[in-house]
Structures are given as structure tokens and as C-alpha cells.
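Hello,

Here is the structure for you to look at. My notes on it follow below.

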Amino acid sequence: MSDTTPDPAARRIFIDKQSPEPYRALLRTSETVRAAAADAGLERTLVELINLRVSQINGCPYCLDVHTRAALRGGETTQRLGVLAAWRHTELFTARERAALALAEATTQPADDAVQEAAYATARQALTDDEISAAIWVAITINAFNRVSIMSRHPVRKSSQ
């Protein structure tokens, strides 16, 4: 008879459950950022596009699942969600959305200064200062959630649909 118990050294802990207070602080930050984004005029669908694009870059299946469902509930189309990873090569996204997505990518991969400068220059033409700040905060926050879920290996549950 073989032992099917996972190797304790390989088992991941859910850091959000193991250390709940830092996670609750992150949730409060997320709520504050969501409110700031709404106050700045970023539509909920645009916030979800940022969440999804950052989660694609980071390879976070849990956050991709959560935010795909949220985007669909918010009225986003399956066509746009399907091509989001290639947003630069389609005309399906507005100038505002493209600027916010470029900022989100630059925030997620900040080491390339030229990319960061180009994203910021584009954003200055299409977004207000408040929108730029909100888009960057949305990207920062989802990056943090991505790391929580990736390091915890949060499972994606099969949906009933």
C-alpha cells in the first residue's frame, strides 16, 4: 500500500489563512484602491482588464479565474477577454484602455525604463492624473494578490457552467 499523503516539505500553506491580519490589510487596501479608481473615473470593466492583464503576466490562475468572472459580470465581452493578452495588436481597446494596460504592464515589469517611460507618456495623453494614479494602484494591488495566490497555490475550482 502506497502512502498518498503529500510530502510536508512540498505542501504549500495558504499564507492568507496562516497570517490573516496582513491579508485583511491587503483586502482593505484593495477596497480603498477600488474606491479611488471609481472616484477617478476608471470604469469597473477597465479595472478588471488591468487585474486580468497583470494576472496574465504573472501567470496567476486563481486571480485570472476570479477576475474573468468579475469582468463578465461587469459587462465585458468574451471577445475582448480572449484577445487581452494581445491587446496591442487589435483595435478592440480604446486609447484610455490601451494607456491603462500599458501602465499596468510597466508597473508589473518595472525593470525596463524605456517601456516604463513610453507607457507613462501614452498615459499622459489619454488619462487624467487621477486616472494614472488609480491605474497604477490597481496594478500594484493585483500584483500583491497574485503573489499571495501563486505562493499559496490557491486552487481554481471547476465552475458549474
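**Two packed helices**

Helices α2 and α8 pack at an angle of about 155°, and their axes lie 9 Å apart. Axes are lines fitted to C-alpha atoms, for helices over the stretch in contact, and angles run from 0 to 180 degrees between N-to-C directions. So α2 is roughly antiparallel to α8 (the word applies to angles over 145 degrees). Helices here are DSSP runs (H or I, at least four residues), numbered from the N terminus. Residues that meet across the pair include Y23, L26 and V33 in α2, and W137, V138 and F145 in α8.

This is a predicted model: local features need pLDDT of at least 70, side-chain atom pairs count only at pLDDT 80 or more, and totals for chains, interfaces and linings use all residues. Residues are numbered from 1 along each chain as its sequence is written, and side-chain values use heavy atoms, without hydrogens or water.

**The core**

The largest nonpolar core has 36 residues. (Such a core is a set of buried Ala, Val, Leu, Ile, Met, Phe, Trp, Tyr and Cys residues joined through side-chain atoms within 4.5 Å; buried means under 20% relative accessible area, with a 1.4 Å probe and protein chains only.) Its largest share, eight residues, comes from α8. I50 is among the residues with the most contacts inside this core. Beyond its neighbours within four places in sequence, I50 is in contact (heavy atoms within 4.5 Å) with residues including A100, V138 and I142.

**The cysteines**

C60 is buried, at 0% relative accessible area. C63 is buried too, at 5%.

Best wishes

Terms used: Buried < 20%, exposed > 50% of the residue type's maximum accessible area, 1.4 Å probe, protein only. Parallel < 35°, antiparallel > 145°, perpendicular 65-115°, else oblique.
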